[in-house]
Amino acid sequence: MPHHGNEEEHGSSESRRDAEQQENEPQKPVIHDNRKVDPKTGQARHPGQEHAAAAADSGDALSQAEDILNSVEVPAAESVAQGAPAAEAEELRNDLRRLQAEYVNYRKRVERDRAVAGEMAVIGVLNALLPVLDDVDAARQHGDLADGPFAAIAAKLEAALKTYGLVRIDETGVEFDPTIHEALIQQPGTDIEIDTVSQVLRSGYKSGDRVLRAAQVIVAVPA
């Protein structure tokens, strides 16, 4: 079929359409693998070599890094030496060992920080509930929680807090310990040889080894 019009103008129109189609096509992300040692062949990679790798669709960056390092083994000296001089091969192996050691330390630090953050969150909630427990104790001492639905609710609350490590400090007849007791009153005692807690005025609480609040007590001292 004969073409009417300017051939140069027709070619320019087709070029513009092709350029527009390329611009409208979605660009796919490209991920570059900059590891110095090929995990499959064990051969050393020279600077400037890049290999595309598919990105993982699930899991956090820390888990992905762990998968990568676990899949890479330190290559033997003879396998690396095939593609690089001995000195360069040793340097590559040392770099990989150092990277693996740094990752292990980083992983431990992250897990430790997460554990500390979780513990501090629990302690914050327990501290906020201490006044509620004081009200429960006062109601129980006045006989308001002897029976009934509120007594059951108080018992469930105390049981639930125990599962989070909350321990009450309210023992009497034990040696006075300034780390968990706050002495408000001292009075002479009989038949004792050391300072002893004779009465608890307000219960204390601790979570694990951390004292949330010292117990306020009356201390009997040797006469």
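**Exercise 1. Identify which residues are linked in a network of salt bridges, and examine the pairs within it.**

Solution. The network joins Asp137, Arg140, Glu158, Arg168 and Asp170, where a salt bridge is a side-chain nitrogen of Lys or Arg within 4 Å of a carboxyl oxygen of Asp or Glu. The model is predicted, so that local features need pLDDT of at least 70 and side-chain atom pairs count only at pLDDT 80 or more, while totals for chains, interfaces and linings use all residues. Residues are numbered from 1 along each chain as its sequence is written, and side-chain values use heavy atoms, with hydrogens and water left out.

Step 1: Arg140 and Asp137 form a salt bridge at 3.5 Å, N to O; they lie 3 residues apart in helix H4, and are therefore separated by about one helical turn (helices, H or I, of at least four residues and strands, E, of at least two are DSSP runs, numbered from the N terminus).

Step 2: Asp137 is buried at 13% relative accessible area, whereas Arg140 is partly exposed at 36% (buried is under 20%, exposed over 50%, partly exposed in between, with a 1.4 Å probe and protein chains only).

Step 3: Arg168 meets Asp170 at 3.9 Å, N to O; Arg168 is partly exposed at 28% relative accessibility, and Asp170 is partly exposed at 37%.

**Exercise 2. Determine which parts of the chain the salt bridge between Arg213 and Asp134 links.**

Solution. Step 1: the closest N and O atoms of Arg213 and Asp134 are 2.8 Å apart.

Step 2: this pair links distant parts of the chain, with Arg213 in strand E7 (residues 210-213) and Asp134 in helix H4 (residues 86-141), 79 residues apart.

Step 3: Arg213 is buried at 14% relative accessibility, whereas Asp134 is partly exposed at 21%.
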